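Hi,

Here's the structure I promised to pass on. Have a look, and my notes on what turned up follow below.

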Amino acid sequence: MSIDRWPAWLQALRPDELTRRRMRRTILDEAAPLLAARRDGWLDAVAEWATILSPVAAAVTLIFAGLALRQAGSRELSETVARAPAVEELVRHGESVPAAFGRDSVPDLDVVMTVLYETEGP
């Protein structure tokens with residue numbers, strides 16, 4: 001029951017703050033040996049090792065994630081550059097290269113589609 005719900009006749013029996021603290025301390029003192037006996041020793045060891053190894057595991061995970069992202073980014077870039085055809089290969093024989101492209105530019109799909117849309121009519 002909350003404090004506000006106590007009937008008026010029970011207010012006189014309600015323990016004061018000092019008595020409540022003493023009761024809590026007595027209950028905890030009596031329960032501590034029982035709780036300690038029920039606790040397994042290996043849980044303490046696991047908790048201690050987890051406290052030590054959790055930051056190490058997090059750091060190793062971040063290092064491997066960074067290496068994986070760097071490797072994926074460099075592989076993706078090298079595959080894109082290796083597969084990208086020259087601008088001249090995208091233009092039909094006898095047509096000139098659109099002004100949007102330079103001689104050394106790598107074609108971007110958005111630019112190619114924009115140039116094709118603008119040069120060819122409906």
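A quick word on terms: helices (H or I, at least four residues) and strands (E, at least two) are DSSP runs, numbered from the N terminus. This is a predicted model, where local features need pLDDT of at least 70 and side-chain atom pairs count only at pLDDT 80 or more, while totals for chains, interfaces and linings use all residues. Residues are numbered from 1 along each chain as its sequence is written, and side-chain values use heavy atoms, with hydrogens and water left out.

The protein chain has 5 helices and 0 strands, in the order α-α-α-α-α from the N terminus.

Now for α2. The 22 residues of helix α2 (residues 17–38) should span 32 Å, and the end C-alpha atoms are 31 Å apart, which agrees; the expected span is 1.5 Å times one less than the number of residues. Helix α2 still has a kink of about 35° at Ala31, shortly before the proline Pro33 (the angle between axes fitted to the seven residues ending there and the seven starting there). The number of buried residues in α2 is 0, so this helix lies largely in the open.

On to α3: Leu53 is found in this helix (residues 41–83). With a relative accessible area of 43%, Leu53 is partly exposed.

Cheers

Methods:
Buried means under 20% relative accessible area, exposed over 50%, partly exposed in between (1.4 Å probe, protein chains only).
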